[in-house]
Amino acid sequence: MDSKSCSNDVDVETKEMDTRSLPASRRGLMHLHKVGTPPKQNLLREFTARVKETFFADDPLRPFKDQPRSRKLVLGIQAIFPIFEWGRSYNWKKFRGDLIAGLTIASLCIPQDIGYAKLANLDPQYGLYSSFVPPLIYAFMGSSRDIAIGPVAVVSLLLGSMLSKEIDPNLNKAEYRRLAFTATFFAGITQATLGFLRLGFLIDFLSHAAIIGFMAGAAITIALQQLKGLLGIKNFTKETDIISVMHSVWGNVHHGWNWQTILIGVSFLSFLLVAKYIGKKNRKFFWVPAVAPLISVILSTFFVYITHAEKKGVQIVKDIEKGINPSSVYQIYFRGEYLLKGLKIGIVAGMIALTEAVAIGRTFASMKDYQIDGNKEMVALGAMNVVGSMTSCYVATGSFSRSAVNFMAGCETAVSNVIMSCVVFLTLEFITPLFKYTPNAILAAIIISAVAGLIDIPAAILVWKIDKFDFVACLGAFLGVVFKSVEIGLLIAVTISFAKILLQVTRPRTAILGKVPMTNVYRNVLQYPEAAKVPGILIVRVDSAIYFSNSNYVKERILRWLMDEEERVKAACLPMIQFLIVEMSPVTDIDTSGIHALEELHRSLEKKNIQLILTNPGPVVMDKLEVSRFANLIGEDKIFLTVADAVSSCSPKQANEVSSLVASLARWLRLPPTTLLLGLCLASSLSSSWVKALPAIVACLLLIMSP
C-alpha cells in the first residue's frame, strides 16, 4: 500500500472521528443532499421529444441510421413488406411446417366461413371469399407468424346486427351487400390510418377485462342465434338479446321445431365438443378438433343426400356460387345516404377486429419469443380489408381458434395463410357444388362449438380476485351484449373503461408513511403495520401526477390526513404535528392547478404553525416548482432528496425545543439536568404509559451530550 492511499485512509478516519464527535443534533445534517434542478430545455426540443415518445416510442427509423441510400430503400421495402426480410432465410423445412399447418387450418376454415357468412346475413360464398384474398395480402404485409386470417364470429355477428338495422337483408339483398362492402372498406381505412399515424395505443383503452366480458357475451349471443338452425325454426326473431331469442324459441316449440334437424344438429355438436375435448386434453391430437368440422360437413351432407332429409323439413345450404371473387369496386358507397352509415359501422367493426387481431398476435408472439410491430399489423390488416372490400369480401381479421390450430400444427411463417388461401381457391373453383346438401344444422353446430372457447370463466374469476372495478367492466360488457345488443355491450365496455381511467386520475391514492424498524426506509403504514410514525411529523405520499383534475382532491385529502392525525395525537397526549412531509417520488408531473393547490396547502399549514416539506420531486416537477417560485415560497431548504433526510432535519428542531423546555424546568426547580432526567425516568417507569415520557428523556440525553 503506497503512502498516498495511507494518507487517504487517515483522512477518512479523521473525518469519521470528527463526525462522531459532533453533537447528535448535527450528525444527520452532514450527509444531506440537495434536490437537483434539471437544466433548462429548449421549448421546441422538449415538444419534439414529447411527440417522439408518444408516437414513435419504438424508434422505427433506428435501422435506417448511418445507412447508404440503396440500403435505406431495401429497408423501406422490408418495413412495408416483411416477407422480403424473412423470405430470404426461408427453406424446405419451414415450408413443410407451413404446409401441414395451412392444410389443417383450411379444413377448419371452410365450414366455419360458410357459417360465419350466414351470421353476417350474407351468402355462403362471401365467407369463402374472405378467406381467399385477405390472407394473401396479410402474408406479404403482416409481422405475425402465427395469425390465421379470415372471418370471425364476433365481427360477423356485429356486422350482421348493425347492417340489418339499416337494410333488410331478405328484402333488399343487393343493397345490403353493398353496405357490407362499404363498411369493410372503411374498416380497412380506419385500421390503416391508425397504423400510419401510429395511434395504436388507442385500442388499449378497451381494457382486457372489458374484452373478456364482451367476448363471452358475444359468444352466448352467437350461440343463441344458432338455435334457429339447430332446431330447424323458420320464423325466427331478428333481435339478438336473450329475452327476444328465448321468446322466439319457446314460441315455436309446438309447430316450428323439426326433430330430424335437431337429431342431426345435436349429434354432430356432441361429436365436435368431444373432438375439442380430446384436442385440449392431449396436444398431440390437436388435429382432431381441426378436422372434425370438415368431417361433420362431409358426413352430414352425405346423410342428407342419401335420405333426402331436405324433403322432410331439414334446411340445407343449397347452391353456393362457384368461382373466385368478383370485383366489387363499383358497389362501394362513396356518396349518398349510406356513406355515413357505412363509415360508422366500418369504424366500429374495424376497431373490434383490430383489437382481437392484435391481442392474438401478441399472445402467440410471446409464446414463441419474438416481437410484432403493432403499427405494422394495423397497416397490414387495414390494407387487406381495403383490398377485400374491392374483391367481394367482408371484414376479416385474426381468428383465435384458427390461430391456435395454426400454432399447434407447427406453422413457421405466414406462408401457412397462403396455403390456406390456395385450398380455399380450389374449393371455390371445384368443390362448392358438393356443399349443396349441407344442412344448416351442422353449420350451427360448428359455430356453437367454435364460440364456446370465447367464454373464459377462469379469466373472469381472476379479474374478480385482482380488481373489483375491472370485474364491473367485464360484467357490464357481458350483460350489455346478452340483454341488449352487441353495440350496447361494446359501448358499456368502453364507457366503464374510460370511467376507470377518470376515477384513477381524479382520485389518486395517498398514503401515510412510517419508518420501518432498524432502517431508514419509510413505507405505507397500512402495508407495513410495524412501520412507526415519527412524533411531531406527518409523512404523506401522493401516488399520482397532480393535475387540474385532481389537484383540489389531493390538497383536501392531505388536510384530512392532517386533521385525523392531530385528533389522534391529541387523544394520546403525544407531541403535536409541527411538520408535514409530502413524499413526491411517484408524482411524475404537475401543472398550474397542482402548484396552486400546493400554495393553498402551504397557506393552510402556516395558519396552523405547521411547516410544509417536500421530498424527492422529479426533474419535471422540480423544474416547474422553480419556475413558479414555489420553491422560494416554502424555502429551498424545505425540499429534500429523501424522507430520511427530511426527518433527520426536523427531529433536531423538535429535540431542541423539548430540551429547552426541560432546561428551563431544571433551572426553575434549581436542579441539575441529570437529576431531572433521573426523576423523569423514575416517573416514566411508574407510569402506565411510559412511551409518553420518551421524547422528554431523549431530549434530556441530547441536552446532556451537547457541549
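## Salt bridges

A salt bridge here is a side-chain nitrogen of Lys or Arg within 4 Å of a carboxyl oxygen of Asp or Glu. The structure is a predicted model, where local features need pLDDT of at least 70, side-chain atom pairs count only at pLDDT 80 or more, and totals for chains, interfaces and linings use all residues. Residues are numbered from 1 along each chain as its sequence is written, and side-chain values use heavy atoms, with hydrogens and water left out.

The structure holds 14 salt bridges. One of them joins D113 and R402, whose closest N and O atoms are 3.4 Å apart. D113 lies in helix α6 (residues 92-119) and R402 in helix α18 (residues 400-408), so this pair ties together parts that are 289 residues apart in sequence. Helices (H or I, at least four residues) and strands (E, at least two) are DSSP runs, numbered from the N terminus. Both D113 and R402 are buried. Buried means under 20% relative accessible area, exposed means over 50%, and partly exposed is in between (1.4 Å probe, protein chains only).

## Two further pairs and a network

D123 and K173 also form a salt bridge, at 3.5 Å from N to O. D123 is in the loop between α6 and α7 (124-129), and K173 is in helix α10 (residues 173-196), so the pair ties together parts that are 50 residues apart in sequence. D123 is partly exposed, at 24% relative accessible area. K173 is partly exposed too, at 42%.

E565 pairs with K533, with the closest N and O atoms 3.1 Å apart. E565 belongs to helix α24 (residues 551-571), while K533 sits in the loop between β4 and β5 (537-542), so parts 32 residues apart in sequence are tied together. E565 is buried, at 5%, but K533 is partly exposed, at 33%. Elsewhere, D467, D470 and K500 are linked in a network of salt bridges.

## The six-stranded sheet

An open sheet of six strands runs in the order β4-β3-β5-β6-β7-β8, with mixed pairing. β4 (522-524) and β8 (639-640) stand at the edges with a single partner strand each, so one side of each has no neighbour in the sheet. Two strands pair if DSSP finds at least two bridges between them.

Strand β3 (residues 510-515) is joined to β4 by three bridges, and the two run antiparallel. G514 has R523 in β4 as its bridge partner. Strand β6 (residues 579-583) and β7 run parallel, joined by five bridges. Here V582 is partnered by L614 of β7. Four of the five residues of β7 (residues 611-615) are buried, so this strand is largely enclosed by the rest of the structure.

## Surface patches

Patches are made of residues with over 30% relative accessible area and no salt bridge; like charges are joined within 9 Å, and nonpolar side chains (Val, Leu, Ile, Met, Phe, Trp, Tyr) within 5 Å. Accessible areas come from the Shrake-Rupley method with a 1.4 Å probe; for residues, only the protein chains shown count as cover.

L73, I77, I80, F81, F84 and F140 form a nonpolar surface patch, with about 560 Å² of accessible area together. Helix α4 (residues 69-80) gives the most to this patch, with three residues. L73 is found in α4 and is exposed, at 57%.

## Positive phi values

K318 has a phi near 70°, a positive value in a residue other than glycine. K318 lies in the loop between α15 (287-307) and α16 (338-368) and is exposed, at 54%. S392 has a positive phi of about 60° and is not a glycine either. S392 is in the loop between α17 (374-389) and β2 (397-398) and is buried, at 2%.
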